Amino acid sequence: LLHYIEHGSGELPVVFGHGTLISSAIWRDFYFPLLPPHWRAYALDFRGHGASRQVRSGCTFPRMADDVCALARHLALERFVYVGLSMGGGVGLQLALR
């Protein structure tokens, strides 16, 4: 499973996806402190980024969307809001197509 961080303990699960060549640290350091208290936030490091395993291939939007779905299953999230920045937005489009 990929590396992820958690913030908050509210009822609304929100999964955050970062942009190219950055990591979940952008959400942790700049955005999580601003979130409403009713959010339960998760931010993952996409494959090949941050503390997740480095890869030589497979960093495609469909495969990263698979990773988000795997994280949601791991966390037992039946439904969640997804927020994507830059590359993470492309992942979000793949999630919406599903």
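**The nonpolar cores**

Student: Which residues of the largest nonpolar core touch the most other members?
Tutor: The model is a predicted one. Its largest nonpolar core has 16 residues. The members that touch the most others within this core are V15, L44, F46, V68, Y82 and V91.

Student: Which element supplies the largest share of this core?
Tutor: At least two residues of the core come from each of β3 (39-44), α2 and α3. The largest share amounts to 5 residues, and the element that supplies it is α2.

Student: Which residues does V68 touch, leaving aside those up to four places away in sequence?
Tutor: Contact here means heavy atoms within 4.5 Å. With residues up to four places away in sequence not counted, V68 touches V15, L44, F46, F80, Y82, V91 and L95.

Student: How many residues are in the other core, which lies apart from this one?
Tutor: Among the members of that other core are I5, F16, F32 and A41. The core has 8 residues.

**A loop arginine**

Student: Is R47 buried or exposed?
Tutor: R47 lies in the loop between β3 and α2. Its relative accessibility is 16%. Buried means under 20%, so R47 counts as buried.

Student: Which side chain does that of R47 join in a polar contact of 2.8 Å?
Tutor: Not counting residues up to four places away in sequence, R47 touches several residues, including L2, S52, R53, V55, R63 and D67. A polar contact of 2.8 Å joins the side chain of R47 to that of D67.

**Positive phi values and the surface**

Student: Where does A76 lie, and what is its phi near?
Tutor: A76 lies in the loop between α2 (61-74) and β4 (81-84). Most residues other than glycine have a negative phi. A76 is a residue other than glycine with a positive value, and its phi is near 60°.

Student: Is S86 buried or exposed?
Tutor: S86 is found in the loop between β4 and α3 (87-97), and its phi is also positive, near 55°. Its relative accessibility is 58%. Exposed means over 50%, so S86 counts as exposed.

Student: What accessible area do F30, Y31 and L34 have together?
Tutor: F30 is found in helix α1 (residues 25-31) and, at 57% relative accessibility, counts as exposed. F30, Y31 and L34 form a nonpolar patch on the surface. Together they have an accessible area of about 380 Å².

Key. Residues numbered from 1 in each chain as written. Predicted model: local features only at pLDDT ≥ 70, side-chain atom pairs only at ≥ 80, totals over all residues. Heavy atoms only, no water. Helix = DSSP H or I, 4+ residues; strand = E, 2+ residues; numbered from the N terminus. Buried < 20%, exposed > 50% of the residue type's maximum accessible area, 1.4 Å probe, protein only. Core = buried A, V, L, I, M, F, W, Y, C linked by side-chain atoms within 4.5 Å. Polar contact = N/O pair within 3.5 Å; in protein donor to acceptor, adjacent residues only side chain to side chain. Patch = residues over 30% accessible without salt bridge, like charges linked within 9 Å, V, L, I, M, F, W, Y side chains within 5 Å. Areas by Shrake-Rupley, 256 points an atom, 1.4 Å probe, with all protein chains shown as cover. Salt bridge = Lys/Arg side-chain N within 4 Å of Asp/Glu carboxyl O.
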